[in-house]
Structures are given as structure tokens and as C-alpha cells.
Amino acid sequence: MDNTKSELIEYVRENDVKFVKLTFCDLLGRQRNITILSSQLEDAFENGVAIDSSAVTGKGGIDLKLMPVSAMLSDTPWRPHSGRVVSVFCKLGDIDCKPYECDPMVLLEEQVRALEKIGITAEVATECEFYVFKRDEDKIEPIDNGDYCSCAPFDLCENIRRDVILSLEDVGLKPISAHHERGPGQNEVDFERSDPMTAARNFVMFKAAVKNVCYINGTVASFMPRPLSGQPGSGLHIAITLKGADRAATDAFAEGVLRRYREISCLANPTLNSYKRLKKAFGIGYASLRGAAPMRIFGDNIIQLRTSDSTCNIFSVLALVFAAGREGIENGCKLRKEGETDGVMFDSIEDAIAFARKSKWLHARIPARLDEVLDTIERRCKAAKELKTDAEFFDFYADI
């Protein structure tokens, strides 16, 4: 819903909303929220709601405030209608309610404006893959053995996808298609393109809808990049339409992203599991633009980035992708030739983190707190390496 502040407050009153979830993402892409009574919403707009910075970066030390964004109201249809609940996405502010420089939403807005200054308006569409498993504490077992575009009775996810799509429509999101993917219990839902901020918000709400609908249906959803050894991984494909760009500008944008992807990697692919998917899907370092490619170009102005994981903070990743692409345009970069193998990806999360720590470019675009985020990613990966079974690994990454 695209509301003004007064319209949002009026909607809450007229629809007997009892609770408002003030929603945000940490820099690892995990949805977080604080729930307030609807009677406190107006005060939240005026004064913000305080949180500790550890909820964002993984390390405390400063106080932040959640600042509701009136245009980002969503219903939560999977919640009980008695005591109705809605979600409002929030920006982050400092203790004086000034914009927090590391807020992923602020970072994305800045890069969208920077693109517009050179005459380009970006639109984003996502294709999101995930697995559905039977709920079992001792093992992980896919809900079915279907494959690409299977139909019932081999596809046992049809009803779940239907319920997810109906929930998304209730929230105001606009999926355009859904199908069974190649892996057992694996699914994909595709969205129509929208402005970058809306697309990012929709992706976060999509993950919440999938997880909640699966829970209600007695199953468990996983966005882990490669939850099953020997089976296809799940990725997040991001299609960027560059309105106002000709083919030369599109090629330069694409090359800019490819040149900077090693610096973006630890945030776009932030788990131990991510690099198993990348290695299986693309090989490491290969920059082909055909077939099983990390990036594809369609027509004169559409780029599809195929490397990101659904475990990422999409606000941060889009901000970095736009910054890298704009850099490519401003520097007049020429798109590499087919088959050139200038390195794009890493073998491991450890290599990606080490590279990011040394990147002046990355530190300039996520100022002040980047090292704390990298510390959090590194701690989680070290802990994951100690796990012994697939079920333990699955539970450890259940929040992504």
C-alpha cells in the first residue's frame, strides 16, 4: 500500500488493527521487528522506537531508532484476524532520528538517486527459489520428489504455492508465476518489476509469507543456498531494467558489476553454504554471459544477476550493484568478451570476507560498521563448520 502518514494511521483505525510490527532487516538479510500497540503508532512516527545496534550489525554499542515508512504498510494475512496485525517497514535513525548512515534502505535510496542523476531509472524484478521439507526434528526430507515444472500428484507443493500467492496478493504484492523447480520439494515464485525499494520490501515479505504458510501447513521452508547435497541450489535472480540506458550503457553497467562482484560477494552470498551453490551452478571465476552464467543481458536494457542468494540483505545488495553499475557507466567500461575468465567469484566465504576487509570501495559504501557485519558473518560460518549433521546445519540456518 502506498500511503501517506495520515492515511496509514487512518487505515489502522478503520480496520481495527491492534498491533503494528515495526519491521526492518539486519545486514545479513534477516527480518527483525518490534511490535507496538496501534495506539502508539503516531508517537513512533514522531519520535521513533529505540533499538540496540546489535539488532542490525550483530554488535551493540550505539542506540538506534526505528522510523516507520508510511508507504511500506503490509497486512499479515497468516496471522489471526482477532487482534489484527500489520507490518510497517522502517528506516533506521540515530538517537536524534537523523538517518543512520549504515541503514540498508538509506544506502539503496542514495544509489537510486545517484543513478537518476545520470538519467537512468532502475526497476527490479526477482525470481526466488526455496525448498519445502517435511517437519522432522531428526532429519530433513523434501516434501516430494518432483522436478522442473512437475504437476500433481508428483508436485506436492501446489497447494502451498497457491496459499503463498494468495497471501502475497492480500499483502499487496504482485507475483506473476510460480512452479516446481528442479530439486525435490524445490519451488520458484517470480515477481513483476517495480521500483527498487518496493521490490526489496516485497522480497522480504515474500520470505515471511513462505515461511508462515509452510508452518501453518505442517512443513518447513528453507531459503538455504544448497540444503541438499547433490541437488540443485536455490538462488535469487535479480533482473534490473535500466530505463533511459542504451545498449552501450547497459553493457558498461554489467561490466561494472562483474568487476566489483568479488567485493559484493560476502554480502550477496553470506553463508558457508553459498559457495557450494556457486561452485555447482557456475564454476568459480567464469564470466560467461550465456548458458549457466552469473549474469545475462536481455535486449538493450535488462540485466539479470543470477549469483545472489535469498539469504542476503537485498537492500544492501541492490545498493552495491547499482553503485558498481553506475561506476561502470561513468568509467565507460567495455563488456568483456564471451569466454573471458577474469575472476568474478570465490571458492569460499573465507576468501570473500578476507577480500571485503581490504576493499576501500566497499568500506566507502557501507561506512563505519562494515567490519562488524563481516565479523558476524565470519562468526556464523565458523560455528557452522562445527556442525556434524545435515539436520544440525539446517536448524542453524533456519533464520535465513
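Of the 400 residues in the protein chain, 56% are buried (under 20% relative accessible area, with exposed meaning over 50% and partly exposed lying in between, for a 1.4 Å probe and protein chains only). The structure is a predicted model, in which local features need pLDDT of at least 70 and side-chain atom pairs count only at pLDDT 80 or more, while totals for chains, interfaces and linings use all residues. Residues are numbered from 1 along each chain as its sequence is written, and side-chain values use heavy atoms, with hydrogens and water left out.

The protein chain holds 13 helices and 13 strands (DSSP runs numbered from the N terminus, with H or I over at least four residues for helices and E over at least two for strands). Its radius of gyration is 21 Å, close to the 21 Å given by the globule rule for 400 residues, so the chain is as compact as a globular protein of that length (the radius is taken over C-alpha atoms, and the rule is 2.2 Å times the number of residues to the power 0.38). The C-alpha trace spans about 60 × 50 × 40 Å along its principal axes.

Helix α5 (residues 158-171) packs against helix α6 (residues 196-216) at an angle of about 135°, their axes lying 9 Å apart (axes are lines fitted to C-alpha atoms over the stretch in contact, and angles run from 0 to 180 degrees between N-to-C directions). On the α5 side, I160, D163, V164, S167 and L168 meet M205, F206, A209, V210, V213 and C214 of α6 (contact means heavy atoms within 4.5 Å).
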